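Please open the model in your viewer and keep the selection panel at hand. The stops below go from aromatic rings to the ligand, and then to a few places along the backbone.

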Amino acid sequence: MKLNLLDLNPTELKEYVTSLGFPAFRAKQIYEWLMKGVWSFNEMTNVPVAMRDVLEENSSVGLLKIRQKLQSEIDDTCKYIFCLEDGCIIESVLMKYKYGYSICISSQAGCRMGCKFCASSDIPFSRSLSAGEMLAQILTVNRDKNIKIGHIVIMGIGEPLDNYENVIKFLRNVGEPLGVNISYRKISLSTCGVVPGIYRLAEENIPITLSISLHNPFDDQRSLIMPINRKYNLDKLLEACNSYIVKSGRRITFEYAMISGVNDSSEHAEKLSARLRGMLCHVNLIPMNKVSGKSFERSHKRSIEQFSQILEKSGISVTVRRELGRDINAACGQLRKQHVETETTESN
Ligand code: SAH
């Protein structure tokens, strides 16, 4: 694969441009085009044609193509299905909040973690995304909608801490003042609990919000729905979380998908409260999204309320996540699943 210019920060781009024998100021022009979401050298009209040809030969920005776009009719949520240069399919979801636009991006094409309730677990893992491919999701949507996204959640397809180096590179590039310019405080990264990655992240001095997908406070039950728990159990995970909190001074968010009859009893709530007591944290209860072909069902509204009350009484900060884009299947991995499955059927 050719060098992807979007993987470079402005300093690296300058070095690259001068190494090809062109003046350094051209790098700034190119960077500006890239940040506008322009993926074709031909469109870079203030760059001399001869230079465009050299760039074309040596590098690439042909990153994402919008394959499908689904606009919600009930809120401003818009889901994008992207096709990468090599044909891999990923998805991103744009959400509109009072404070502005937020995007949920994918970090891998597929996922190796195998969480039983997640749509991404059914489709074979293709590969990890490069830093540039993560950035391109934001830039493409900015251009397509003519907006400036202000918040990022790395909560789409993939396990970000299973693609550690590229995710860190992406996080460092996203803060570039002349680029996307989104500060770390407006970024969340969600992990199913890759413990070594949490310790590493704590050392990076990147003050993003860390979200942990917890989903069950009992080890044996968590292992059944989240295989990662067999490698790093809850004690190890929460120890890593505590260490992260001490090191970063940041509150951690625990994601808890409410699955009927699986993890939504009062015993679960009590045990969760006991485990989290005294921690600088917040719990986000997510009414589970039904995934086609899976038997898991969403908890009843009353169970969610009761669960939430038990946590509150224990002094744990808790919210129930508002659902966006329900009419467009905006939940994690579902559209990609549909796409990949259709393609597989068609090619059979
Ligand atoms: N791999 C990372 C990020 C991607 S998943 C992680 O596990 O955190 C993003 C979030 O969606 C996780 O909290 C995940 O557990 C949750 N999730 C996956 N499938 C879901 C479903 N069907 N309903 C509700 N939440 C789901």
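Begin with the aromatic rings, where the count comes to three aromatic pairs, if rings of Phe, Tyr and Trp (its six-membered ring) are paired when their centres lie within 6.5 Å, with planes under 30 degrees apart counted as stacked, over 60 as edge-to-face and the rest as tilted. Select Tyr80 and Phe82, whose ring centres are 5.6 Å apart and whose planes meet at 10°, so this pair is stacked. This is a predicted model, in which local features need pLDDT of at least 70 and side-chain atom pairs count only at pLDDT 80 or more, while totals for chains, interfaces and linings use all residues. Residues are numbered from 1 along each chain as its sequence is written, and side-chain values use heavy atoms, with hydrogens and water left out.

Tyr80 and Phe82 are both buried, a word that stands for under 20% relative accessible area, with exposed meaning over 50% and partly exposed in between (1.4 Å probe, protein chains only).

Go next to Tyr256 and Phe307, whose ring centres are 4.9 Å apart with planes at 35°, so the pair is tilted. This pair links distant parts of the chain, since Tyr256 belongs to strand E12 (residues 252–258) and Phe307 to helix H11 (residues 301–313), 51 residues apart; helices (H or I, at least four residues) and strands (E, at least two) are DSSP runs numbered from the N terminus. Tyr256 and Phe307 are both buried.

Where do the charged ends of Lys36 and Arg112 sit? The charged end of Lys36 is over the ring of Trp33, 4.6 Å from its centre, and that of Arg112 is over the ring of Phe125, 4.4 Å from its centre; the rule asks for NZ of Lys or CZ of Arg within 6 Å of the ring centre and within 35 degrees of the ring normal.

Now select the ligand and the 16 residues around it, of which Gly158, Ser190, Ser213, His215 and Asn289 come nearest, a residue being included if one of its heavy atoms lies within 4 Å. By class, this shell has seven nonpolar, seven polar and two charged residues, where Ala, Val, Leu, Ile, Met, Phe, Trp, Tyr, Cys and Pro count as nonpolar, Asp, Glu, Lys and Arg as charged, and the others, Gly among them, as polar.

Display the atom pairs next: a polar side-chain atom of Ser190 lies 2.6 Å from an oxygen atom of the ligand, and a backbone N or O atom of Phe117 lies 3.1 Å from a ligand nitrogen atom. A polar backbone atom of Cys192 is 3.5 Å from an oxygen atom of the ligand. Taken alone, the ligand exposes 530 Å², of which the protein buries 94%, with areas from the Shrake-Rupley method and a 1.4 Å probe.

Most residues other than glycine have a negative phi. Asn146, in the loop between helix H4 (131–145) and strand E9 (151–154), has a positive phi of about 55° and is exposed, with a relative accessible area of 71%. Asn205, in the loop between helix H6 (195–202) and strand E11 (209–213), has a positive phi near 60° and counts as exposed at 68% relative accessibility.

Return to the loop between H4 and E9 for Gly150, which is partly exposed at 22% relative accessible area; its C-alpha atom is separated by 7.1 Å from that of Lys186, 36 residues apart along the chain.

Key. Polar contact = N/O pair within 3.5 Å; in protein donor to acceptor, adjacent residues only side chain to side chain.
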